[in-house]
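Have the structure open beside you as you read.

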Amino acid sequence: VNLEGTILQRIPVEAFACHSPLVAKGTYSRHQKTYEPFHFNSIMYLHHERSLIITSRAQSTAYKIAYPSAKLQWAVGLQGTIPCRDMWDRPIKTPHDNLHFMHPKGRDEWVVFNNNNSVGAHHSSVVTLRVNLQAQQCKILSEVPGNHRIEGGGVIIGPDGVGGGVFGSPTDHAMLRIWSENPPQLKVSQNDWVNCVAKQAFVYGARLLYTNLGMR
């Protein structure tokens with residue numbers, strides 16, 4: 001859609017997400033009172049490649065498709081087209097569980113918000129992946145654990161490395177919690193940093209943006 005709300009194009013799910021049988025029946029939606037098989041929760045347009053990155057929470061899969069043809073280029077996750085390995089080079093089914101966002105980092109690297117719903121501890125994390133199309137392999141480069149997502153979660157890519165942020169805690173659904181792989185070297189307190197970020201951030205399957213820190 002454009003800024004006026006006019007629909008410019010419709011992309012059928014069958015065009016890119018039915019290349020193989022679905023691996024999950026979906027999760028119960030309190031909004032529609034149904035089991036939705038995909039729960040698409042983020043989409044990003046990569047202008048320089050004329051492609052889209054679409055993530056499915058229920059299938060734990062990120063799809064990269066050409067735009068506007070909607071032809072599937074590759075997929076990473078439980079319904080992926082590229083096999084994955086962990087940091088110790090062991091084969092794994094998927095590098096993320098109930099993912100919420102996938103953002104390019106550069107040099108074939110991607111940052112994913114890993115909701116981690118299937119694990120008992122329920123700690124979300126930010127996972128950095130390398131998708132090597134020549135070798136036809138996806139590999140986890142790093143994983144930065146943090147607080148579990150309650151209301152919304154996003155990724156940080158900045159001068160202090162990668163990190164994550166979540167809205168909500170078991171006691172306060174409005175609380176914003178932030179973590180990163182390297183503690184930020186700032187002249188303000190951590191609380192001031194959080195307050196500043198919160199005023200300039202949209203955190204739900206997205207990224208945290210703080211212009212004064214050079215975060216992109």
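Predicted model: local features only at pLDDT ≥ 70, side-chain atom pairs only at ≥ 80, totals over all residues.

Strand β4, residues 51-56, and strand β5, residues 61-66, are paired in the antiparallel sense, with six bridges between them.

Now widen the view. β4 and β5 belong to an open sheet of four strands, ordered β3-β4-β5-β6, with antiparallel pairing. At its edges lie β3 (40-46) and β6 (72-77), each of which pairs on one side only. On average, and with direction ignored, neighbouring strands of this sheet are turned by 15 degrees against each other.

Next, look at the side chains. The largest nonpolar core holds 27 residues, and W74, V76, M102, W110, F113, V126 and L129 have the most contacts inside it. Among the elements giving two or more residues to this core are β3 and β6, along with β9 (99-106) and β11 (125-132). A second, separate core has nine residues, including L52, where we began, as well as A17, F38 and I54.

What does L129 touch, leaving aside residues up to four places away in sequence? Its contacts include V76, M102 and W110, and also H96, D108, E109 and K139.

Finally, step back to the whole protein. Its secondary structure comes to one helix and 16 strands. Of its 216 residues, 43% are buried. The protein exposes about 11900 Å², with carbon and sulfur atoms supplying 53% of that area.

Key: Residues numbered from 1 in each chain as written. Heavy atoms only, no water. Buried < 20%, exposed > 50% of the residue type's maximum accessible area, 1.4 Å probe, protein only. Areas by Shrake-Rupley, 256 points an atom, 1.4 Å probe, with all protein chains shown as cover. Pairing = 2+ DSSP bridges. Axes fitted to C-alpha atoms, helices over the stretch in contact; angles between N-to-C directions. Core = buried A, V, L, I, M, F, W, Y, C linked by side-chain atoms within 4.5 Å. Contact = heavy atoms within 4.5 Å.
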